[in-house]
Amino acid sequence: MTAVQLGDGLKVSPLGFGGMALTPVYGGIEPEEGLQTLRHAVDAGITFIDTADVYGAGSNEELVGRLLKERRDEIQVATKFGIEGNPADGYTGVRGDAPYIRQAAEASLRRLDTDVIDLYYMHRRDLRVPIVETVEAMAELVREGKVRHLGLSEVTAEELRQANAVHPIAAVQSEWSIWSRDVELNVVPAAKELGVGFVPYSPLGRGFLTGTISASDLGENDFRHKIPRFGDEALDANQAVVAAVREVASGLDATPAQVALAWLFTQGQRLGISVVPIPGTRKTHRIDENLGALSLQLGTAQLERLDQAAAAVVGSRSADPNWVSQGREANPATA
(Lines give C-alpha, C1' and ligand atoms only; values in the text may rest on other atoms or scores of the structure.)
Protein backbone atom coordinates (compact mmCIF):
# COMPACT_ATOMS: atom_id res chain seq x y z
CA MET A 1 0.00 0.00 0.00
CA THR A 2 1.12 3.55 -0.72
CA ALA A 3 2.05 5.39 2.46
CA VAL A 4 0.12 8.49 3.53
CA GLN A 5 1.92 11.54 4.87
CA LEU A 6 0.38 13.10 7.94
CA GLY A 7 2.14 16.20 9.31
CA ASP A 8 5.77 16.88 10.21
CA GLY A 9 6.94 14.35 7.60
CA LEU A 10 5.35 11.32 9.31
CA LYS A 11 4.43 8.60 6.79
CA VAL A 12 2.13 5.74 7.76
CA SER A 13 -0.06 3.10 6.13
CA PRO A 14 -3.35 4.52 4.75
CA LEU A 15 -5.29 2.55 7.35
CA GLY A 16 -4.17 2.09 10.92
CA PHE A 17 -5.14 -0.27 13.73
CA GLY A 18 -6.74 0.92 16.97
CA GLY A 19 -5.36 -1.14 19.85
CA MET A 20 -8.11 -0.28 22.34
CA ALA A 21 -10.22 -3.07 20.84
CA LEU A 22 -7.71 -5.58 22.21
CA THR A 23 -8.45 -4.72 25.84
CA PRO A 24 -11.22 -5.77 28.26
CA VAL A 25 -13.13 -2.55 27.57
CA TYR A 26 -15.41 -4.46 25.16
CA GLY A 27 -15.26 -7.70 27.16
CA GLY A 28 -12.51 -10.18 27.94
CA ILE A 29 -9.79 -11.15 25.48
CA GLU A 30 -6.77 -13.44 25.68
CA PRO A 31 -3.36 -11.81 24.98
CA GLU A 32 -2.38 -14.50 22.46
CA GLU A 33 -5.55 -13.83 20.50
CA GLY A 34 -4.72 -10.12 20.48
CA LEU A 35 -1.16 -10.76 19.32
CA GLN A 36 -2.36 -12.90 16.44
CA THR A 37 -4.70 -10.11 15.38
CA LEU A 38 -1.86 -7.58 15.42
CA ARG A 39 0.39 -9.90 13.43
CA HIS A 40 -2.30 -10.34 10.82
CA ALA A 41 -2.74 -6.57 10.55
CA VAL A 42 0.95 -6.09 9.77
CA ASP A 43 0.97 -9.05 7.37
CA ALA A 44 -1.92 -7.36 5.53
CA GLY A 45 0.01 -4.09 5.19
CA ILE A 46 -1.22 -2.09 8.19
CA THR A 47 1.91 -0.68 9.81
CA PHE A 48 0.41 2.17 11.87
CA ILE A 49 -0.47 0.73 15.30
CA ASP A 50 -2.21 2.95 17.86
CA THR A 51 -2.23 2.28 21.60
CA ALA A 52 -2.22 4.24 24.89
CA ASP A 53 -0.90 3.82 28.40
CA VAL A 54 -4.46 3.78 29.76
CA TYR A 55 -5.66 0.89 27.58
CA GLY A 56 -5.85 -2.11 29.86
CA ALA A 57 -3.84 -0.17 32.46
CA GLY A 58 -0.69 -0.60 30.35
CA SER A 59 -1.36 -4.15 29.19
CA ASN A 60 -2.16 -3.01 25.64
CA GLU A 61 1.23 -1.33 25.32
CA GLU A 62 2.85 -4.53 26.57
CA LEU A 63 0.96 -6.49 23.92
CA VAL A 64 2.07 -4.09 21.18
CA GLY A 65 5.58 -4.34 22.62
CA ARG A 66 5.55 -8.07 21.88
CA LEU A 67 4.73 -7.25 18.26
CA LEU A 68 7.46 -4.60 18.10
CA LYS A 69 10.00 -7.10 19.37
CA GLU A 70 9.28 -9.19 16.29
CA ARG A 71 8.76 -6.48 13.63
CA ARG A 72 9.88 -3.07 14.88
CA ASP A 73 11.29 -1.89 11.54
CA GLU A 74 7.93 -2.34 9.81
CA ILE A 75 5.82 -0.43 12.31
CA GLN A 76 4.99 3.18 13.18
CA VAL A 77 3.77 2.99 16.77
CA ALA A 78 1.63 5.68 18.36
CA THR A 79 0.83 5.87 22.04
CA LYS A 80 -0.65 8.44 24.40
CA PHE A 81 -0.38 9.91 27.88
CA GLY A 82 -2.62 12.04 30.02
CA ILE A 83 -5.54 9.92 31.24
CA GLU A 84 -5.39 8.35 34.67
CA GLY A 85 -7.60 5.34 35.29
CA ASN A 86 -8.98 2.67 32.99
CA PRO A 87 -11.69 2.90 30.30
CA ALA A 88 -13.37 -0.24 31.63
CA ASP A 89 -13.43 0.92 35.26
CA GLY A 90 -13.78 4.67 34.83
CA TYR A 91 -11.26 7.46 34.47
CA THR A 92 -9.93 9.25 37.54
CA GLY A 93 -8.34 12.34 36.04
CA VAL A 94 -6.27 14.03 33.34
CA ARG A 95 -2.71 15.31 33.69
CA GLY A 96 -0.56 17.38 31.36
CA ASP A 97 2.23 18.67 33.60
CA ALA A 98 5.88 18.21 32.62
CA PRO A 99 6.94 15.80 35.41
CA TYR A 100 3.98 13.54 34.68
CA ILE A 101 4.66 13.56 30.92
CA ARG A 102 8.24 12.45 31.41
CA GLN A 103 7.20 9.74 33.84
CA ALA A 104 4.49 8.52 31.45
CA ALA A 105 6.82 8.47 28.45
CA GLU A 106 9.48 6.46 30.26
CA ALA A 107 6.85 3.96 31.40
CA SER A 108 5.46 3.61 27.87
CA LEU A 109 8.91 3.06 26.41
CA ARG A 110 9.47 0.25 28.90
CA ARG A 111 6.15 -1.42 28.21
CA LEU A 112 6.57 -1.10 24.45
CA ASP A 113 10.14 -2.39 24.78
CA THR A 114 11.43 0.19 22.30
CA ASP A 115 13.91 3.06 22.29
CA VAL A 116 11.64 5.55 20.55
CA ILE A 117 7.92 6.26 20.12
CA ASP A 118 7.06 7.24 16.55
CA LEU A 119 4.02 9.38 17.47
CA TYR A 120 3.33 10.54 21.02
CA TYR A 121 -0.09 12.00 21.73
CA MET A 122 -1.55 14.11 24.47
CA HIS A 123 -4.61 11.92 25.03
CA ARG A 124 -6.79 14.57 26.64
CA ARG A 125 -6.29 18.22 27.58
CA ASP A 126 -5.48 19.04 31.20
CA LEU A 127 -7.35 22.32 31.58
CA ARG A 128 -5.22 23.28 34.58
CA VAL A 129 -2.05 23.44 32.46
CA PRO A 130 -1.54 25.82 29.51
CA ILE A 131 -1.29 23.70 26.40
CA VAL A 132 1.94 25.41 25.40
CA GLU A 133 3.55 24.06 28.58
CA THR A 134 2.31 20.55 27.88
CA VAL A 135 3.63 20.63 24.31
CA GLU A 136 6.97 22.08 25.37
CA ALA A 137 7.42 19.11 27.73
CA MET A 138 6.53 16.77 24.85
CA ALA A 139 8.97 18.59 22.55
CA GLU A 140 11.76 17.97 25.05
CA LEU A 141 11.24 14.25 24.51
CA VAL A 142 11.71 14.79 20.76
CA ARG A 143 14.95 16.66 21.38
CA GLU A 144 16.15 13.76 23.53
CA GLY A 145 15.37 11.23 20.77
CA LYS A 146 12.73 9.37 22.79
CA VAL A 147 9.88 10.53 20.54
CA ARG A 148 9.86 11.23 16.80
CA HIS A 149 6.60 13.12 16.27
CA LEU A 150 3.94 14.78 18.40
CA GLY A 151 0.16 14.40 18.29
CA LEU A 152 -2.86 15.79 20.11
CA SER A 153 -6.20 14.14 20.79
CA GLU A 154 -9.54 15.93 21.09
CA VAL A 155 -8.18 19.48 20.94
CA THR A 156 -9.98 22.57 19.73
CA ALA A 157 -8.81 24.56 16.72
CA GLU A 158 -7.31 27.25 18.95
CA GLU A 159 -5.53 24.70 21.12
CA LEU A 160 -4.06 23.14 17.98
CA ARG A 161 -2.78 26.49 16.74
CA GLN A 162 -1.17 27.29 20.09
CA ALA A 163 0.46 23.86 20.26
CA ASN A 164 1.76 23.95 16.70
CA ALA A 165 3.45 27.27 17.42
CA VAL A 166 5.57 25.49 20.05
CA HIS A 167 6.45 22.39 18.02
CA PRO A 168 5.16 20.93 14.72
CA ILE A 169 2.18 18.65 15.32
CA ALA A 170 2.03 15.58 13.10
CA ALA A 171 -1.53 14.50 13.77
CA VAL A 172 -4.76 15.30 15.53
CA GLN A 173 -6.76 12.32 16.75
CA SER A 174 -10.47 12.73 17.36
CA GLU A 175 -13.65 10.79 16.94
CA TRP A 176 -14.77 11.36 13.34
CA SER A 177 -17.18 9.26 11.35
CA ILE A 178 -20.47 9.41 9.48
CA TRP A 179 -22.30 10.00 12.77
CA SER A 180 -19.63 12.17 14.51
CA ARG A 181 -18.88 15.19 12.32
CA ASP A 182 -18.47 18.07 14.78
CA VAL A 183 -14.71 18.30 14.11
CA GLU A 184 -15.42 19.41 10.55
CA LEU A 185 -16.59 22.80 11.79
CA ASN A 186 -13.32 24.10 13.27
CA VAL A 187 -10.71 21.45 14.03
CA VAL A 188 -10.34 19.96 10.55
CA PRO A 189 -9.99 23.39 8.86
CA ALA A 190 -7.31 24.35 11.40
CA ALA A 191 -5.44 21.11 10.79
CA LYS A 192 -5.55 21.71 7.04
CA GLU A 193 -4.31 25.28 7.53
CA LEU A 194 -1.34 24.05 9.58
CA GLY A 195 -0.49 20.97 7.51
CA VAL A 196 -1.48 18.57 10.29
CA GLY A 197 -2.83 15.13 9.43
CA PHE A 198 -6.00 13.69 10.96
CA VAL A 199 -6.37 10.29 12.60
CA PRO A 200 -10.06 9.49 13.19
CA TYR A 201 -10.67 7.12 16.06
CA SER A 202 -13.90 5.11 16.29
CA PRO A 203 -14.38 5.52 12.51
CA LEU A 204 -16.99 2.76 12.65
CA GLY A 205 -18.94 4.50 15.40
CA ARG A 206 -17.58 2.15 18.10
CA GLY A 207 -18.93 -0.71 15.99
CA PHE A 208 -22.41 0.75 15.56
CA LEU A 209 -22.02 1.70 11.90
CA THR A 210 -21.23 -1.90 10.99
CA GLY A 211 -24.89 -2.74 11.58
CA THR A 212 -24.06 -5.45 14.11
CA ILE A 213 -24.80 -3.59 17.37
CA SER A 214 -28.06 -3.31 19.29
CA ALA A 215 -28.72 -2.53 22.95
CA SER A 216 -29.02 -6.22 23.76
CA ASP A 217 -25.55 -6.87 22.29
CA LEU A 218 -23.75 -4.72 24.86
CA GLY A 219 -22.43 -6.69 27.81
CA GLU A 220 -22.86 -5.50 31.37
CA ASN A 221 -19.31 -4.13 31.55
CA ASP A 222 -19.27 -2.59 28.07
CA PHE A 223 -18.22 1.04 28.49
CA ARG A 224 -20.51 2.11 25.64
CA HIS A 225 -23.34 2.10 28.17
CA LYS A 226 -21.86 5.40 29.40
CA ILE A 227 -22.15 7.11 25.99
CA PRO A 228 -25.47 8.99 25.50
CA ARG A 229 -26.04 7.89 21.92
CA PHE A 230 -25.79 4.26 23.05
CA GLY A 231 -28.70 4.66 25.47
CA ASP A 232 -31.61 2.36 24.62
CA GLU A 233 -33.88 5.02 23.12
CA ALA A 234 -31.08 6.82 21.27
CA LEU A 235 -29.69 3.57 19.94
CA ASP A 236 -33.07 2.62 18.52
CA ALA A 237 -33.46 6.04 16.87
CA ASN A 238 -29.96 5.88 15.43
CA GLN A 239 -30.74 2.68 13.57
CA ALA A 240 -31.81 5.06 10.79
CA VAL A 241 -28.12 5.91 10.28
CA VAL A 242 -27.25 2.25 10.00
CA ALA A 243 -30.07 1.75 7.52
CA ALA A 244 -28.59 4.42 5.27
CA VAL A 245 -25.12 2.87 5.47
CA ARG A 246 -26.57 -0.55 4.67
CA GLU A 247 -28.49 0.87 1.73
CA VAL A 248 -25.36 2.39 0.23
CA ALA A 249 -23.35 -0.75 0.93
CA SER A 250 -25.92 -2.94 -0.81
CA GLY A 251 -25.72 -0.82 -3.94
CA LEU A 252 -21.95 -1.15 -4.04
CA ASP A 253 -21.72 -4.85 -3.14
CA ALA A 254 -19.75 -3.75 -0.07
CA THR A 255 -20.13 -4.06 3.68
CA PRO A 256 -21.32 -1.25 6.00
CA ALA A 257 -17.86 -1.06 7.56
CA GLN A 258 -16.28 -0.54 4.16
CA VAL A 259 -18.75 2.22 3.35
CA ALA A 260 -18.09 3.97 6.67
CA LEU A 261 -14.33 3.93 6.09
CA ALA A 262 -14.62 4.89 2.41
CA TRP A 263 -16.76 7.86 3.51
CA LEU A 264 -13.90 9.09 5.71
CA PHE A 265 -11.34 8.73 2.92
CA THR A 266 -13.66 10.64 0.60
CA GLN A 267 -14.37 13.28 3.21
CA GLY A 268 -10.65 13.83 3.67
CA GLN A 269 -10.32 14.39 -0.07
CA ARG A 270 -13.29 16.76 -0.11
CA LEU A 271 -11.85 18.79 2.78
CA GLY A 272 -8.25 18.66 1.57
CA ILE A 273 -6.63 16.86 4.51
CA SER A 274 -4.73 13.60 4.99
CA VAL A 275 -6.95 11.13 6.85
CA VAL A 276 -5.82 7.81 8.33
CA PRO A 277 -8.62 6.04 10.27
CA ILE A 278 -7.70 3.54 12.99
CA PRO A 279 -10.51 0.98 13.29
CA GLY A 280 -9.93 -1.72 15.87
CA THR A 281 -11.12 -5.30 15.85
CA ARG A 282 -10.49 -8.64 17.48
CA LYS A 283 -11.16 -10.66 14.35
CA THR A 284 -8.60 -11.05 11.57
CA HIS A 285 -11.22 -11.27 8.83
CA ARG A 286 -12.46 -7.80 9.83
CA ILE A 287 -9.00 -6.42 9.09
CA ASP A 288 -9.19 -7.76 5.54
CA GLU A 289 -12.73 -6.41 5.23
CA ASN A 290 -11.64 -2.93 6.38
CA LEU A 291 -8.79 -2.85 3.88
CA GLY A 292 -11.36 -3.31 1.12
CA ALA A 293 -12.51 0.24 1.79
CA LEU A 294 -9.32 1.59 0.21
CA SER A 295 -10.60 0.70 -3.27
CA LEU A 296 -14.25 1.63 -2.72
CA GLN A 297 -15.58 4.72 -4.51
CA LEU A 298 -18.63 6.65 -3.31
CA GLY A 299 -20.67 8.69 -5.76
CA THR A 300 -22.45 12.00 -5.22
CA ALA A 301 -25.87 10.46 -4.57
CA GLN A 302 -24.42 8.01 -2.06
CA LEU A 303 -22.59 10.77 -0.20
CA GLU A 304 -25.78 12.82 -0.05
CA ARG A 305 -27.68 9.87 1.38
CA LEU A 306 -25.10 9.40 4.12
CA ASP A 307 -24.98 13.13 4.86
CA GLN A 308 -28.76 13.23 5.31
CA ALA A 309 -28.68 10.32 7.75
CA ALA A 310 -25.85 11.84 9.77
CA ALA A 311 -27.84 15.02 10.32
CA ALA A 312 -30.47 13.08 12.28
CA VAL A 313 -28.19 11.41 14.86
CA VAL A 314 -29.60 11.32 18.39
CA GLY A 315 -27.37 11.72 21.47
CA SER A 316 -23.94 13.14 22.23
CA ARG A 317 -20.74 11.23 21.54
CA SER A 318 -19.49 11.86 25.08
CA ALA A 319 -21.12 11.99 28.52
CA ASP A 320 -18.73 14.82 29.53
CA PRO A 321 -18.74 17.72 27.05
CA ASN A 322 -15.32 18.96 28.20
CA TRP A 323 -13.86 15.53 27.54
CA VAL A 324 -13.96 16.20 23.78
CA SER A 325 -13.18 19.21 21.61
CA GLN A 326 -16.85 19.61 20.71
CA GLY A 327 -17.76 20.54 24.28
CA ARG A 328 -14.93 23.03 24.80
CA GLU A 329 -15.61 24.73 21.47
CA ALA A 330 -19.25 25.09 22.45
CA ASN A 331 -18.19 26.62 25.78
CA PRO A 332 -14.93 28.60 25.24
CA ALA A 333 -14.85 29.59 28.92
CA THR A 334 -13.74 26.06 29.80
CA ALA A 335 -10.80 26.05 27.40
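This is a predicted model: local features need pLDDT of at least 70, side-chain atom pairs count only at pLDDT 80 or more; totals for chains, interfaces and linings use all residues.
How enclosed is strand E5 by the rest of the structure? Six of its six residues, 76–81, are buried, so the strand is largely enclosed. Gln-76, Ala-78 and Lys-80 point one way from E5, whereas Val-77, Thr-79 and Phe-81 point the other way; all of them are buried.

In soluble globular proteins, nonpolar side chains tend to be buried together. In this model the largest nonpolar core has 82 residues, and those touching the most other members are Tyr-120, Leu-160, Ile-178 and Phe-198. The greatest contribution to this core comes from helix H9, residues 256–271, with eight residues. A separate core of 22 residues lies apart from it, and includes Leu-10, Val-54, Tyr-201 and Ile-278. As for Leu-160, its contacts beyond four places in sequence are Leu-152, Val-155, Ile-169, Val-172, Val-187, Ala-190, Ala-191, Leu-194 and Val-196.

Most residues other than glycine have a negative phi. Glu-154 has a positive phi, near 55 degrees. This residue sits in the loop between strand E9, residues 147–153, and helix H5, residues 157–166. Its relative accessible area is 0%, and Glu-154 is therefore buried.

Ser-202, likewise not a glycine, has a positive phi of about 50 degrees. Ser-202 lies in the loop between E11 and H7, and at 13% relative accessibility it counts as buried.

Thr-210 is also placed in the loop between strand E11, residues 197–201, and helix H7, residues 232–237. Is Thr-210 buried or exposed? Its relative accessibility is 18%, and since the cut-off for buried is under 20%, Thr-210 counts as buried. Its side chain reaches the backbone oxygen of Gly-207 at 2.5 Å. Not counting residues up to four places away in sequence, Thr-210 touches Leu-204, Pro-256 and Ala-257.

Thank you for your attention.

Note on methods. Residues are numbered from 1 along each chain as its sequence is written. Side-chain values use heavy atoms; hydrogens and water are left out. A nonpolar core is a set of buried Ala, Val, Leu, Ile, Met, Phe, Trp, Tyr and Cys residues joined through side-chain atoms within 4.5 Å. Buried means under 20% relative accessible area, exposed over 50%, partly exposed in between (1.4 Å probe, protein chains only). Helices (H or I, at least four residues) and strands (E, at least two) are DSSP runs, numbered from the N terminus. Contact means heavy atoms within 4.5 Å. A polar contact is a pair of N or O atoms within 3.5 Å; within protein, one must be able to donate a hydrogen and the other to accept it, and residues adjacent in sequence count only if both atoms are side-chain atoms.
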